[in-house]
Amino acid sequence: MKKDRITKILLVLVLLMLPVNFYLIFQVAPTERIMGDVQRIFYLHVSLAISAYIGFGVLFVSSIMFLIKKNLYWDTLAYSAGEVGLMFSTLVLITGSFWARPVWNVWWTWDPRLVTMLILWFIYIGYFMLRKSISERLKKARYSAIIGILGFLDVPVVRLATKWWRSIHPRLSKEGGGLDPLMIKVMLFSLLTFVVFTIVIIIFRFRVAWAEERLYSILNEMEEYHE
Amino acid sequence: MNSMFFLFGAYSVAWLVVAGYLFFNLRKLKNVETRIEDIEELLRRKHQ
């Protein structure tokens, strides 16, 4: 019951934060001098990337917990969060292309940040393909937990790609990377909004997945009873 | 194509995908709940 209340509070919070976030991005944030209005994709693009990392981070921790506890609750949480992470990382690639086309004049370029992000996306596509290919429930959970843990190793590589290799991708530093102070404030609010939003979506997806798990276990029990 | 096309394209695609994902899961949840209710009803009838 306490969990329900927290979820409801988070949902209300996110419903209040999203319109404010839109207002800040389109009305308050200053227009960038060189790129113009298209630079406003930045607030969405970076927030989506952080949301994807949160999803994959929860998958990583839950996979470890599954291997320790051998409880399907953790596996359910792992793939729920992984699915949310995969959706957000797909959107990172799409919004990145929408930003790259007017700025770099190409939809895609083989830049280290983009390539490592694409590899990350393929790793988690592989994670879900593996899950589809194994029918035995515990085996599926065990193997995908291993992929979930190993796959997460690419996340720091994506983050550090612009530091390690020569890249044309903009880099955010602690000092703000030359951004206007107001842009940084809008960015931080956008990040906070998406963090809360991602938590709400993961909780919601987990509930759906957990209800499905319960249904399958009831159906299995009924089948065994009839046999 | 002007920069507004790319700006609104990015935001529209992102929010459409998120809304679609939430709608798809909401429908999934409704289906599961209906099936659980059906099973409960079946068991209730069996016990009567």
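Reader: Which residues in helix 1 of chain B does helix 7 of chain A meet?

Author: This is a predicted model, where local features need pLDDT of at least 70, side-chain atom pairs count only at pLDDT 80 or more, and totals for chains, interfaces and linings use all residues. Residues are numbered from 1 along each chain as its sequence is written, and chains are lettered from A and ligands numbered from 1 in the order written. Helix 7 of chain A contributes residues including Phe204(A), Val208(A) and Leu215(A). They belong to a contact (C-beta atoms, placed from the backbone, within 7 Å) with Asn25(B), Lys28(B), Leu29(B), Val32(B), Glu33(B), Arg35(B), Ile36(B) and Ile39(B).

Reader: How are helix 7 of chain A and helix 1 of chain B oriented to each other?

Author: Their axes, lines fitted to C-alpha atoms over the stretch in contact, are compared by N-to-C directions from 0 to 180 degrees. The angle is about 30 degrees, with the axes 10 Å apart. Angles under 35 degrees count as roughly parallel. Therefore the two helices are roughly parallel.

Reader: Which element gives the largest share of the side of chain A that touches chain B?

Author: In total, 22 residues of chain A are in contact with 19 residues of chain B. Helix 2, helix 3 and helix 7 of chain A each give two or more residues to that side. The largest share, eight residues, comes from helix 3 of chain A.

Reader: Which residues of chain A does Ala10(B) contact?

Author: Neighbours within four places in sequence are left aside. The partners of Ala10(B) are Ile41(A), Leu44(A), Thr95(A), Phe98(A) and Trp99(A).

Key
Helix = DSSP H or I, 4+ residues; strand = E, 2+ residues; numbered from the N terminus. Parallel < 35°, antiparallel > 145°, perpendicular 65-115°, else oblique. Contact = placed C-beta atoms within 7 Å.
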